[in-house]
Amino acid sequence: MNSRPRLECGESYARIPLRKASRIVRADALETAWADVPPPQRWSFVLGNPPFAGAKHQTPAQPAQVRRIAAPGGSGGTPDCVAAWFAGAAACIREGAAEIRFVATNSIAQGEQTGRLWPVLLERHGMEISFAHRAFAWVSEARGQAHVHVVTVGLRRQGRPGPKRLFSYAGVHEVVRHPQRTPATEPEETARRAISPYLLDASRPRNPRLAVREASRPLNGLPRPVIGSKRINGGHYVFTASERERFLAEEPGAEGFRRPHVGGREFLAGMHRWILAPHDAPSAVLGTLPKVAERVAAVRAYRLPSPSAPTKALADRPTAFHVRVIPSNPSLIVPGVGSERPVYGPISWMEPPEIPSDAATVLDGAPSALVGPLMSAMHMSWLRLVGGRLENRYRSSISLVYNAFPLPPGSQAAPASLGSMGDAILHARAEHPEASLSDLYDPTLMPTRLRATHRRLDQAVDRLYRRAGFASDRERAEQLLALYERKADPPTDSSGPEERRHRTASRGKQGRSR
């Protein structure tokens, strides 16, 4: 690595052996006073590559550390470890340091974490984003070859002079092996008046610090969705196709109490699973089905030792699901977690007697016109913007993705023509019955007719939002963020109270004049 500066700058640097001693502190950075090593007045930059541990991969001590230092507020989950480094550096930079530059998980700029971390940085600590590289795939040169999606963000105190530079890659799957090497695709650099917490152009929203907040109900007038059935059964009621056949061979009387079971994984991979629904069986019938009774007893034994009081109480009703969602009408199903490289977020219809799992979102009796917008590139742009990720797979969310999705201006429902386009997509999928949805929506394997049908739908949906359409997903995301602000009108605002009162009064006058 020491030879890299020579290759880049054309000069030779004699770095080894070390002639000048440096002060090196070996300690937990989250338990050390940064201002003491050395004082911020002597800093030029804070650079770092903190642990990328997300909430589910943190040690028992790390969540408390992160919440104590970042103090994100809210009742959601714990932010990634990197959030504590941002907050710690921002607290010090107010005392004299010039700029923060961090490589970070891309999750800091998407999902629910965005709404908790960035108000801390931009409002409490008075920071602004000076530059940002939007998400790209990073392949480490260290042993272990970590493959992660990252962003690079620069922060400085608000009001400092200098341009704000935004770097965008052709796709988040471009690989950058080392920052000094030429990436597979060079980023597009643009100058912006402001950069938002989502690492987008923030010149259109009134509040450039805007972050999408979780909504308990749809802000767009769409039907309310629900999460599928939550079993808490230890797997004793769920069967693969082969397990189902063996079970029915031993207990043929259970045939009437098993249902097709659909979750996100089954939906995308084309897998077939089945679930036993003992709540459908009268007690007198259950007494004649010993193999079913064994499963019921196993579920009770699984629930009893649980540390969760509701689960322990549910042990007294072992034939019941914790949450039972069994649609009686054709319903739209949306997987909670998508594939790693999706072209679109695939949705489809499910029919009774299928039982959805809690790994999927269900819209019972949804209008067919809703299919088009939810299948469009516009909705996929919103999912990428606010949905977050589980590992490298996109994660949908009712409160952030669906409830907050902005519909086209002046509309409360999608035109009926979009429903027929959605049907055309379903027909194009049906031409490949042997392929799973993951296969059909792979960027390199997507069938030509299916891709062309999606593009026609995209053009129709795009024109509802802007007559000229959009040149990129980034443009779509910027438009959606501006529309969201108008609809949700979040309480945070970069202007002062006088400006807000003037703007409100002006809108009232315009409305009366019209």
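A residue is called buried when its relative accessible area is under 20%, exposed when this is over 50%, and partly exposed in between (1.4 Å probe, protein chains only). The model is predicted: local features need pLDDT of at least 70, side-chain atom pairs count only at pLDDT 80 or more, and totals for chains, interfaces and linings use all residues. Residues are numbered from 1 along each chain as its sequence is written, and side-chain values use heavy atoms, with hydrogens and water left out.

**Exercise 1. Overview**

Task: State how many helices and strands the protein chain has, and what percentage of its residues count as buried.

Solution. Step 1: helices (H or I, at least four residues) and strands (E, at least two) are DSSP runs, numbered from the N terminus. Step 2: by this count, the protein chain has 17 helices and 17 strands. Step 3: of its 514 residues, 47% count as buried. Step 4: contact means heavy atoms within 4.5 Å. Among contacts between residues at least 6 apart in sequence, 70% join residues at least 24 apart.

**Exercise 2. Leu199 and His133**

Task: Determine whether Leu199 is buried or exposed, and which residues His133 is in contact with, leaving aside its neighbours within four places in sequence.

Solution. Step 1: Leu199 is found in the loop between β7 and β8. Step 2: its relative accessible area is 1%, and therefore Leu199 is buried. Step 3: Leu199 has a positive phi of about 60° although it is not a glycine. Step 4: His133 has its place in strand β3 (residues 127–139), and it counts as buried at 18% relative accessibility. Step 5: with neighbours within four places in sequence set aside, the contacts of His133 are Val151, Thr152, Phe167, Tyr169, Pro187 and Leu199. Step 6: a polar contact is a pair of N or O atoms within 3.5 Å; within protein, one must be able to donate a hydrogen and the other to accept it, and residues adjacent in sequence count only if both atoms are side-chain atoms. The side chains of His133 and Tyr169 make such a contact, at 3.0 Å.

**Exercise 3. Strand β5**

Solution. Step 2: two strands pair if DSSP finds at least two bridges between them. Step 3: β5 pairs with strand β7 (residues 188–192) over 5 bridges in the antiparallel sense.

**Exercise 4. Two open sheets**

Task: Give the strand order of the open sheet that includes β8 and of the one that includes β9.

Solution. Step 1: an open sheet of 4 strands runs in the order β8-β15-β12-β13, with antiparallel pairing. Its edge strands, β8 (226–227) and β13 (348–350), each pair on one side only. Step 2: β8 pairs with strand β15 (residues 360–364) over 2 bridges, and Ile227 stands opposite Thr361 in β15. Step 3: another open sheet of 4 strands has the order β9-β11-β10-β14 and mixed pairing. Here the edge strands are β9 (238–240) and β14 (355–356), each pairing on one side only. Step 4: strands β10 (residues 258–262) and β11 (residues 273–276) run antiparallel, joined by 4 bridges. Pro260 has Trp274 as its bridge partner in β11.

**Exercise 5. Helices α2, α3 and α11**

Task: Determine at what angle the axes of α2 and α3 cross, and how many residues of α11 are buried.

Solution. Step 1: axes are lines fitted to C-alpha atoms, for helices over the stretch in contact, and angles run from 0 to 180 degrees between N-to-C directions. Step 2: the axes of α2 (residues 62–70) and α3 (residues 82–93) come within 8 Å and cross at roughly 30°. Step 3: this makes the two helices, α2 and α3, roughly parallel, since angles under 35 degrees count as roughly parallel, over 145 as roughly antiparallel, 65 to 115 as roughly perpendicular and the rest as oblique. Step 4: Val66, Ile69 and Ala70 in α2 meet Ala83, Ala84, Ala87 and Gly88 in α3. Step 5: in α11 (residues 377–386), 9 of the 10 residues are buried, so this helix is largely enclosed by the rest of the structure. The buried residues include Trp382 and Leu383.
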